[in-house]
Structure formats: structure tokens, C-alpha cells
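Biologist: I have a model on screen and I'd like to learn how to read it. Could you take me through it, one feature at a time?

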Amino acid sequence: MKTRFFLLILALSLFVSLHAAGNIVFYADFEPGSKAAKPNAGVNDVKKYKPENAGTVWAEGDFNGGKLGGKKSMTQTAEGCGISGNTPLPGVDNFTDGIIQVVFSFADDDSFGVQFRRKGDDKGYLVVFGYNETPKVILGDLADGCCPSGQCLSGCGCENGAKELENVDHGLGGGLTQDNTVPYFGRVEVQGNSVKVWYMELAEVKDLFAPSKDLGPPVLDSKKANYKSAGTVGVWHESWGNGRIDSILVTSGAGFDVDVKDKLTTMWSEIKTTY
């Protein structure tokens, strides 16, 4: 009996360790000595992030992320439309479907975003988390020129209902702080031609790894991502002076593998009933 109980506890432990990480292929939290980094600690080294625009300058920085966001970040230290552009995530070269998630904060009024399924300058997509200057969530197609390196959204005509595929109010209101005191949470869930985007203050999020259904309705829900070839994932910005990024996460496949909490509760209940 004791042996069977031990084996069940062991199985429970293995379930949590394997399935909680599930299909996470990349996670960078930039915390010193962090063991959460995936696939290895190298992703927390800011020097590994090579911007396509040499004017973009990433550096180590502090972060006001609390329990979920942490205390350290990757900070963009330059400014101006000419230094705008994409920075590929190291090692994430074959993304088709999954989740791209970032925690971030603003020190000016410009926008931050992510690119996915990128192959060169004209294949792939851009999701923009706008702020004060562009209070929108935007889905743009690189094939439509949204948005070349060295240009702000205004310069490439991908805001205010121009060339972008989708353009919706971000719902955060106006006059938002520009001093990095308020951290935000952004999640992009990609499946086939479907792109769903959540954008909210980090304080509204209880669990960074929660299923998307627990985040409420997405801010943007589109079916226009018709280019489905695998490509890179990157973080994008426009003139994002002193903007800060933390907790970058990428999964493969259809979101997170399992709702660990529900299955863990069920297994533990069965063990208690049996013993």
C-alpha cells in the first residue's frame, strides 16, 4: 500500500513538472540566477538580442513588476522613429501557432508590439500594443508594409484605419502614465488564420500561465492571418525610449497544453479517496 501511494505521489509530481511547462518553448524573465528561463539561461542575457535596426539599443534595466513581473527587464535606451524596428527572439525560428506573451511598461507615448511568422521584411505579421499616441491594438501584415525598420506607424501608414488589417481601441483610456510605474500584460494567441489579442494592466492578471479563457474576451479577434508559414518571433517598437520588457513567453501549438490546476485537483482528490 505504501509503495502504491509513493508511486502515485511520484506520478503526480512528474505530471506537474512536465505538463506545467507543457509546450513552452521560450521564456525570459531577466532575473539574476533565474531557473525559469527556457530553453536555457542564455535567453536572459540581453546581449543575445540582436535588433535588425542598429539604432535600437537594448540594456539591462529595473522593472516594477511585483510578484508576477519581477524586478529586472530588458530596456530600450534609444529614441526616435529612425531607431524603430524588430528584434528577433534568440532561437525562436519556427513559430506557426501558439502564444506570444510579454509584460512591459512605457516611459513615453509610443507603441510596442510583437512580430510572428516573420520571414524577411515582407512575410509575417505585427501586433501593436498602442499607448497614448496610438490608443489602439493593431494587426498589420508585413506584406502591406506594416511596418519597415526605421519607421513609426505614422510613417508606414499603418494606424488610424490605413493599411493595417485590424485596428481597435485598446480600452485603457487616455492620459496613461509614462514613467514605467504601471506594468502591462499582452498576450497574442495564434491558431491558423485566427489572431486573438489580450491587453491589460498586469494588476488585472492573477496567473501569467492561465488559460486564455480566464483572461476574459480578447481586445482584438481577427481571422485575417492567412499567411501560415513558420517563421521567427520578435519584439517590435516604435521610438520606444526607455520602454521595458519582461517575462517574454512563447508556446508552440494550441496555447497551453493543459489546465494544470483542474487536473491536479482531480488527481489529488482520487489519491485521497483511495488512501
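Biologist: Where does Ser-247 sit?

Modeller: Strands here are DSSP runs of E, at least two residues, while helices are runs of H or I, at least four residues, both numbered from the N terminus. Ser-247 falls in strand S14, residues 243–251. Bear in mind that this is a predicted model, where local features need pLDDT of at least 70, side-chain atom pairs count only at pLDDT 80 or more, and totals for chains, interfaces and linings use all residues. Residues are numbered from 1 along each chain as its sequence is written, and side-chain values use heavy atoms, with hydrogens and water left out.

Biologist: What about the phi of Ser-247?

Modeller: Ser-247 has a positive phi, about 50°, although it is not a glycine. Arg-117 is another such case, with a positive phi of about 55° and no glycine there either. Arg-117 belongs to strand S6.

Biologist: Which peptide bonds are cis?

Modeller: Look at omega. The bond from Lys-38 to Pro-39 is cis, with omega near 10°, and so is the one from Cys-146 to Cys-147, with omega near 15°. Pro-39 is in the loop between strand S1 (24–28) and strand S2 (58–62). Cys-147 is in the loop that lies between strand S8 (136–141) and helix H3 (153–156).

Biologist: Now the sheet. In what order do the strands of the open sheet come?

Modeller: Two strands pair if DSSP finds at least two bridges between them. By that rule, six strands form an open sheet in the order S4-S13-S6-S7-S8-S9, with antiparallel pairing. S4 and strand S9 (166–169) are its edges, each pairing on one side only. Neighbouring strands of this sheet are turned by 20° against each other on average, direction ignored; the axes are lines fitted to C-alpha atoms (for helices over the stretch in contact), and angles run from 0 to 180 degrees between N-to-C directions.

Biologist: How many bridges join S13 to S4, and how many to S6?

Modeller: Four bridges link S13 to strand S4 (residues 85–88), antiparallel. With strand S6 (residues 112–118), S13 pairs over five bridges, again antiparallel. His-237 makes a handy landmark in S13: Gly-85 stands opposite His-237, and Phe-112 stands opposite His-237 too. Elsewhere in the sheet, S8 and S9 are joined by four antiparallel bridges, with Lys-136 opposite Asp-169.

Biologist: Is S13 covered on one face or on both faces?

Modeller: On both. Thr-232, Gly-234 and Trp-236 are buried on one side, and Val-233, Val-235 and His-237 are buried on the other.

Biologist: What surrounds Ser-222?

Modeller: Contact means heavy atoms within 4.5 Å. Leaving out residues up to four places away in sequence, Ser-222 touches Leu-139, Glu-166, Asn-193, Ser-194 and Val-195. Ser-222 lies in strand S12 (residues 220–222) and is buried, at 1% relative accessible area.

Biologist: And the nonpolar cores: which residues have the most contacts inside the largest one?

Modeller: In soluble globular proteins, nonpolar side chains tend to be buried together. A nonpolar core is a set of buried Ala, Val, Leu, Ile, Met, Phe, Trp, Tyr and Cys residues joined through side-chain atoms within 4.5 Å. The largest one has 41 residues, and Phe-116 and Val-188 have the most contacts inside it. Val-188 touches, among others, Ile-100, Val-114, Phe-116 and Phe-129. A second, separate core has 13 residues, including Tyr-27, Val-103, Met-200 and Leu-215.

Biologist: How many helices and strands does the chain have, and what share is buried?

Modeller: There are four helices and 14 strands, and 50% of the 275 residues are buried. For contacts between residues at least 6 apart in sequence, 69% join residues at least 24 apart.

Definitions and conventions
Buried means under 20% relative accessible area, exposed over 50%, partly exposed in between (1.4 Å probe, protein chains only).
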